[in-house]
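Reader: Please take a close look at one part of this model. I would like the helix described, then its surroundings in the fold.

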Amino acid sequence: MKLLNLTTSLLFVKVLLVLPSASFAQVSPSDVILAKGEQKELPFEGLKNFSVGNPEVISYKWMPKTGKLLVKGKKVGFTDLVVWGKSGKEIVSIYVLSKQKFLKTFQLADALKNLNLTIDIKGPVMTAAGTLSDFADYLYLQKIKGQFQEQVFFKINLEPKLRNHIVGQIYKRLYANGFSSVSCQADWLDIMCFYEGQNNEALLKQLASFYRVSFVQQDSRLKHQNYRLKLKLIQLEQMDGREIHMGLDKLQATVQELFENGIRSLIDRNIVLLTQMKMDLSSLAEPELVVNLNTPQIIEIGSQIPYQNIATQGATVIAPIDWRFAGLRIKTKITESYGKLLVNYETEFSRPVDQAISGSKEVSSVLLELGKPIKIFQIGYQTTAKSRKGIPFISDIPILKHLFESKSDQKTYKHIYGYIVLEAVE
């Protein structure tokens with residue numbers, strides 16, 4: 001079904017041909033448009049002579065009494081008419097269209113004129129010019145454009161208010177659905193939007209269909225950038241055996257100062273509080289590495305510890321050595337999400353307990369802004385140290401040493417805090 005209901009009824013064509021073309025659109029004074037079989041009188045003042053370029057397209061008859069030249073469309077096509085008159089030489093372009101084409105052209109011109117556009121018809125093609133301010137007119141004109149783009153040249157601008165409304169809705173929907181970067185520009189009636197981020201084909205198709213815009217995906221600029229990943233691993237230790245009920249947020253400092261001035265500044269500013277609380281604050285490690293998107297990184301702070309496993313196999317005693325990691329292992333991977341940098345990380349903390357390795361694992365992610373540090377994990381654990389004290393020399397005597405020695409268990413509570421900041425490498 002066509003957008004414009006262009007009937008091919010011969011009766012309707014005849015009625016339409018009676019109407020002057022100027023009532024539908026502006027036709028150049030040097031152009032004449034005829035339907036096949038249509039007759040039209042062309043007035044020329046002081047006509048002396050004329051010449052028809054292609055007599056197969058039109059038939060003609062000069063009427064000296066009225067001073068008019070009667071022309072009739074004989075065959076679909078084009079011819080020029082050269083006239084010598086009182087004002088000199090004049091060239092007239094004559095287009096003969098089929099009755100269906102003629103009707104479609106002028107009915108289309110009438111539809112465009114109703115949108116307050118200036119229509120200039122030149123044969124079977126036309127130019128529509130003007131400015132649109134109404135969104136409904138914009139949608140209607142986009143449908144016409146899609147159907148008659150080979151017949152009509154559109155020189156139509158969008159008013160800033162209308163353009164901003166369309167582009168604003170595109171920005172709103174795409175940013176709300178995880179697109180990292182969107183840039184739209186209008187070229188006459190066409191709006192083209194460049195985007196970075198997730199390729200949500202269903203959403204793009206819906207927006208393109210409703211707002212009549214085109215989408216072009218661009219490679220993310222973030223992928224072509226190197227970054228410097230900085231980690232700060234801070235340990236807070238309770239020396240009197242009590243559990244820790246205070247975090248670093250109670251200290252007089254900011255995370256930004258930790259990266260700018262280091263742990264020493266943090267200790268100096270809070271020395272009184274740390275002394276009163278019988279706490280020790282220290283830096284475990286400050287690793288830095290240059291990274292890029294979608295590449296995993298691994299940071300290990302610790303060492304491999306040997307363990308001997310004794311087992312028997314028949315009459316044979318087997319005692320292999322197993323190496324197990326004890327310490328802190330951090331795995332990170334930076335990706336792009338919602339216009340920001342997303343850090344996926346996994347922390348694995350393990351320590352020797354008796355003849356085994358005990359620990360914990362955490363997997364999470366966090367959105368980062370360049371240059372803005374953030375705490376990504378906190379690990380709390382307890383250590384117990386067993387000690388024996390006795391009188392020198394006596395403590396070496398069997399049985400008697402048990403009477404003059406003392407045993408004690410010293411518990412220490414510790415918290416490890418992990419802070420991260422990401423910076424662009426110039």
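Author: This is a predicted model. Start with helix α2, residues 99–113. Helix α2 has 15 residues. From first C-alpha to last, α2 reaches 21 Å, close to the 21 Å expected at 1.5 Å a residue. Its buried residues are Phe102, Leu103, Lys104, Thr105, Phe106, Leu108, Ala109, Ala111 and Leu112. Note that Lys104 and Thr105 are on that list. In general, an α-helix has 3.6 residues a turn, so residues three or four places apart point the same way.

Now the sheet. Three strands form an open sheet in the order β3-β6-β5, and the pairing is antiparallel. The edge strands are β3 (39–43) and β5 (58–63), each pairing on one side only. From one strand to the next, the twist averages 25°. Take the pair of β3 and β6. Strand β6 covers residues 68–73 and pairs with β3 over five bridges, in the antiparallel sense.

Last, a helix pair. Helix α4 spans residues 160–176, and helix α5 spans residues 201–211. Their axes come within 11 Å and cross at roughly 170°. The crossing angle therefore makes α4 roughly antiparallel to α5. The cut-off for that label is over 145 degrees. The crossing of α4 and α5 is right-handed. On the α4 side, Ile166, Gln169, Ile170, Arg173 and Leu174 make the contacts. They meet Leu203, Leu204, Gln206, Leu207 and Tyr211 in α5.

Technical notes
Residues are numbered from 1 along each chain as its sequence is written. This is a predicted model: local features need pLDDT of at least 70, side-chain atom pairs count only at pLDDT 80 or more; totals for chains, interfaces and linings use all residues. Side-chain values use heavy atoms; hydrogens and water are left out. Helices (H or I, at least four residues) and strands (E, at least two) are DSSP runs, numbered from the N terminus. The expected span of a helix is 1.5 Å times one less than its number of residues. Buried means under 20% relative accessible area, exposed over 50%, partly exposed in between (1.4 Å probe, protein chains only). Two strands pair if DSSP finds at least two bridges between them. Axes are lines fitted to C-alpha atoms, for helices over the stretch in contact, and angles run from 0 to 180 degrees between N-to-C directions. Angles under 35 degrees count as roughly parallel, over 145 as roughly antiparallel, 65 to 115 as roughly perpendicular and the rest as oblique. A crossing is left-handed if the near helix is turned anticlockwise from the far one by less than a right angle, and right-handed if clockwise. Contact means heavy atoms within 4.5 Å.
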